[in-house]
Amino acid sequence: MKVLLSWIREFVDVPGTADEIGARMSLRGLALEGIDQHGDDAVMDFDVTANRPDCLSIVGIAREIATVYGLPLKDGLRDGARSKTGAGAEALTIPVSIPDPDLCARYVAAVADVNVGPSPDWMQSRLSACGIRPISNIVDVTNYVLIERGYPMHAFDHAKLAGPAIVVRRARRGERITTLDGKDRALDVDMLVIADAERAQAIGGVMGGADSEVSDTTTRIVFEAAWFSPQSVRATSKRLGLRTEASYRFERGADLTATARAMRRALQLLVEIGAGAPSGPVVDCHPVPHVTRAVTLSPSQVRRVLGMDVPEDDTTRILTSLGFEVTTLGSWHAAAPEAAPLTAPIAPTGHAWRVQVPGWRVDIHRPVDAIEEVGRHYGFEHLPSTFPPVEQPPAESDNRLARDSRVRRALVAMGVSEAITFAFIEAAAASSFLGDEGPVALANPLSEKFAVLRPSLLPGLIDAVSHNRRHGRRDVRLFELGTRFNPRGETRAVGVAWTGLATPEHWSGGARDVDFFDIKGIAEQLCAVMQVAAEFVPTARPYLVDGRAAELRINGRSIGVLGQLPSGLLDQRDLPAGDAVFVLEIDLDALSLQTPRTATFARPLPRHPAVIRDIAILVDETLSADTVRGTIRAAGPSTLLDVREFDRYQGTGIAEGQVSLALRLTFQAPDRTLTDSEVHAAMERIVGELTQRLGAIQR
Amino acid sequence: MGLERVALLKWNVEDIRLFYENDMRFLEQFGIGPSGIEGV
C-alpha cells in the first residue's frame, strides 16, 4: 500500500522523517517495503498482510501510526456537503432495491449534478503518487475516497440508467456486460451485478460497465458506496480473471459501518473541488444490519497468552487507540465459550474487559486476536527471552530412516552416487512404468513436465543419466531413495541406474562395460546388507530388454526388478540408442518386511575338517546356474555346505548346445569327521539326480 | 528458506541448479562421513 506522508499527516501529526516512521512501524507489524521521494514529500510503501484490509487506506495506516506514537487520530470528515440545490428545485434521489441481500448488505446512493473536467492539481498529484491514474474530477473523487478511506466507490452517468433506478441482483442467465476496460464479458447467474431497471451496468465490487461510464458530456451522476460479500467478489473476480483495486479490498472485507461515511466524504470532496453538488438526500439501503462483535479479556489471560506482563493502562490505551471500545467489567466468573482453548480457570475476583470490535477490523473474532494487538503495539521486543520448556518426549525414531541410511551407505560404498529427482514427472516419461491403474495425475500441474506423480524412480534416474550423457559423461552410476505413487497409495523404493564402464581403465587391464551381472551384483549386495537371501527369476517388462530382465524375490515374494533398458526407451529420453543402461528398483517397504527382526548369534567355528569333491558335467546350455545348483542342493545331504561353479567351457570337444560345467562341492558336519564312503554315497546320489532330472552327463 | 540455500552456503556452491541436475561431476564431490554427508 503506497501512501503519501503529507496525506497521512492530515490524520495524525506524526513527527520525524519517512525513514524514522517506517523503521518504527516495521517493528509494530506494518513493514515498510520502500520509500520514494516525491518532491519534499515521501511515498511510503507498506506491506499490508491479507488479514488487514483496513490498512489498505491512508486512515488505516494513520491509525496504526497514531497508536505507535501515542497521538490522537483526526478524522477530517466534517459535516458539510449539504445539498446546494436551490430552494425551488426538487430534491432528487434514485430508488434502490436489493433483491439479493446475501451478496450486498448495504447500498448507499446519491445523485449529484456535476461539471465533468479535470480534477485539481493537488488531487491529481496525490493520486498519481499513490499509483492511481487521474481520469476526471468525478472518477478522481471516487479514487480519492478509495485511497483515503479504503472504501471503493463508483459513479454512474445518471442519464444512462434506465428507470432511473438501481437494482442490486444476481446476473440473469446469458446476461453480458462490457466493462470499463472495454471487454465484453459473459456473466454467471451467481455473479452480483448492479443493474438499472433493464440490464446490468456494473459487476458488483469488481468493475463498472462501459455503457454508464461518466464521460465529458455527463451532467448528473449517481454515486455508489456499497458493501459486497467478500466470498462473492472473490469468486467473481477469479472467474472473470479481473482483479481491481475494488475487488482487492472487497474480497478482504470492507467496513459495513463506514459505507455512508465514504459517501459523505465523496460528496464533501465533490463540493470542495467545485465539481458539483448533491441534488438530493443520500439513500441508504441497508437490508442486513452490522452485528458488532465483542470479546472479553482479562489481564491474567493477556499475561498468559503473551508470556509477559503488560500494564493494564497500556492494554486499554492500545485497544482504545486502535478504535476498540473497552469497558471494564467488575468481575468475571466464567470464561466466554469462544475463549475456551486459551483460557485457564480465572480467579472469580479478577476483573475483565469487554472489548467491542470496530467495523473495520474484520480480522478480530476471538480474544486472542485482540491480545495479539496488545502484544504487537506494546512491543514484542519486551518479551523476556527464555528457553521454551519441552513438554513432550522426543518422537520415537522411525526405523525406515535407519533402513534408508543402511541402503544409502551400502550403495555409496559400491561407488554409486545419490541422485534426487522430482516426484512430479512428464506423463510420457511415466507411461512405460505404469501398471494397469494409470498414473496419479495432478489436478493443476505447473507445466507438462510436472503432470503426474512418478510411478517408479526409474524415469527420474533415466533423465539424470541422460543429462550426464549430454554433458559428456559416459560412466554414470546413480541411485535414488524415494517414494513412488500409484492410485492405491505410495511405497518407498531404491532405484539404481548404471551405464558405461563397470571397472575403470587401469594398466592391469580389466576395464569392461557394465553388464547384467553387475546390476544383479548390486541387488545381491543390498540383500546381503539387509540380511535376506535373494532369488532371481526371469521376467518381462515393457521398459526392459527381454532376456535381460529379472525379478528379485525374497522368500518367494517379488520385491524388485532389474535389467537393461531397450533402445526405444533410450531414444525417447534423449540417450544414444547404442548405450547399455542397466537399472534396478527395489521396494524398500517390502524388503524391510523380509528383513529378520530377531537378533543374530554367532555360530561356533567348525572343529572337524571339510571334504571337497569336484565334478564335471555336460548339460544343456539353456539351463540356468540356479537350476543346476538347486538340483544338487535338493539331492545333497545336510552336510553339503557349499556349491560353486568354478569352470564353464564350450567349444572344441563339446557338442553344440551343450556346456561343460565344473562344480566344487564342500561337505562338512559340525559334530564329526565325515567318512569317505559317506561323501561318496552323497556324490552318487547327486550325480544320479543330475542325470535323471537334467539329462546331465558326467565327464 | 529451502534446505538447498543452507547447503549452498555450507559447501560454497555457486549455482543452486546443481542440486537438481544430478550431475556426476558434482555428486562425486560428496561422500558419507561418520555423521552424514560430507564433502570429500
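Two residues are in contact when heavy atoms of theirs lie within 4.5 Å. By that rule, 18 residues from chain A and 13 residues from chain B take part in the contact between them. Keep in mind that this is a predicted model.

**Chain A as a whole**

- Chain A contains 19 helices and 34 strands.
- It has 699 residues, and 48% of them count as buried.
- Look at contacts in chain A between residues at least 6 apart in sequence: 70% of these join residues at least 24 apart.
- The accessible surface of chain A is about 34400 Å², and carbon and sulfur atoms account for 52% of that surface.

- The size of an interface is often given as the accessible area lost when the parts come together.
- Here, chain A and chain B bury about 1200 Å² between them, with 55% coming from carbon and sulfur atoms.
- On the chain A side, Arg409(A), His467(A) and Arg473(A) provide 36% of the area that chain A buries against chain B, more than any other three residues.
- How many salt bridges are there between chain A and chain B? The count is one.
- That salt bridge links the side chains of Arg473(A) and Glu28(B), with 2.7 Å from N to O.
- The elements of chain A that give two or more residues to the side touching chain B are α12 (399-413), β19 (417-418), α14 (458-470) and β23 (476-486).
- Five residue pairs are in polar contact across the interface of chain A and chain B, both residues of each pair being at pLDDT 80 or more.

**Sheets and strand pairs**

- Strands of a sheet pair through backbone hydrogen bonds, either parallel or antiparallel.
- One open sheet of chain A has three strands in the order β20-β22-β21, and its pairing is antiparallel.
- Why is one side of β20 (424-425) and of β21 (440-441) in chain A left without a neighbour in the sheet? Both stand at the edges, each with a single partner strand, so one side of each has no neighbour there.
- β20(A) and β22 (residues 452-453) of chain A run antiparallel and are joined by two bridges; Ile425(A) stands opposite Val452(A) in β22(A).
- Another open sheet of chain A has four strands in the order β32-β33-β31-β34, again with antiparallel pairing.
- In this sheet, β32 (640-649) and β34 (697-698) of chain A are the edge strands; each has a single partner strand, so one side of each is left without a neighbour in the sheet.
- Two bridges connect β31 (residues 611-620) of chain A with β34(A), and these strands run antiparallel. Within β34(A), Ile697(A) stands opposite Leu618(A).
- β23(A), which also gives residues to the side touching chain B, is joined to β24 (residues 489-499) of chain A by eleven bridges in an antiparallel arrangement.
- A hairpin of two residues takes β23(A) into β24(A), and Arg477(A) has Trp498(A) in β24(A) as its bridge partner.
- β24(A) also pairs with β30 (residues 581-587) of chain A in the antiparallel sense, over seven bridges; there, Val494(A) has Ile586(A) as its bridge partner.

**Two buried residues**

- Leu267(A) belongs to helix α8 (residues 259-272) of chain A. Its relative accessibility is 4%, so it counts as buried.
- Leu267(A) and Val141(A) are 126 residues apart along the chain, yet their C-alpha atoms are separated by 8.6 Å.
- Ser136(A) sits in the loop between α4 (121-129) and α5 (137-149) of chain A. With a relative accessible area of 8%, Ser136(A) is buried.
- Leaving aside neighbours within four places in sequence, Ser136(A) is in contact with Val116(A), Gly117(A) and Ser119(A).

**Backbone features to look for**

- Most residues other than glycine have a negative phi, and most peptide bonds are trans.
- Gly163(A) and Pro164(A) are joined by a cis peptide bond, with omega about -20°. Pro164(A) is in the loop between β6 (153-157) and β7 (166-170) of chain A.
- Gln531(A) is not a glycine, but its phi is positive, at about 60°. You will find Gln531(A) in the loop between α15 (516-529) and β27 (535-538) of chain A.
- Is Gln531(A) buried, partly exposed or exposed? At 42% relative accessibility, Gln531(A) counts as partly exposed.
- Asn555(A) also has a positive phi, near 50°, and lies in the loop between β28 (549-554) and β29 (557-564) of chain A. Asn555(A) is exposed, at 59% relative accessible area.

Terms used
Residues are numbered from 1 along each chain as its sequence is written. Chains are lettered from A and ligands numbered from 1 in the order in which they are written. Side-chain values use heavy atoms; hydrogens and water are left out. Buried means under 20% relative accessible area, exposed over 50%, partly exposed in between (1.4 Å probe, protein chains only). Accessible areas come from the Shrake-Rupley method with a 1.4 Å probe; for residues, only the protein chains shown count as cover. Two strands pair if DSSP finds at least two bridges between them. Buried area is the accessible area (1.4 Å probe) that two parts lose on being put together, summed over both. A salt bridge is a side-chain nitrogen of Lys or Arg within 4 Å of a carboxyl oxygen of Asp or Glu. A polar contact is a pair of N or O atoms within 3.5 Å; within protein, one must be able to donate a hydrogen and the other to accept it, and residues adjacent in sequence count only if both atoms are side-chain atoms.
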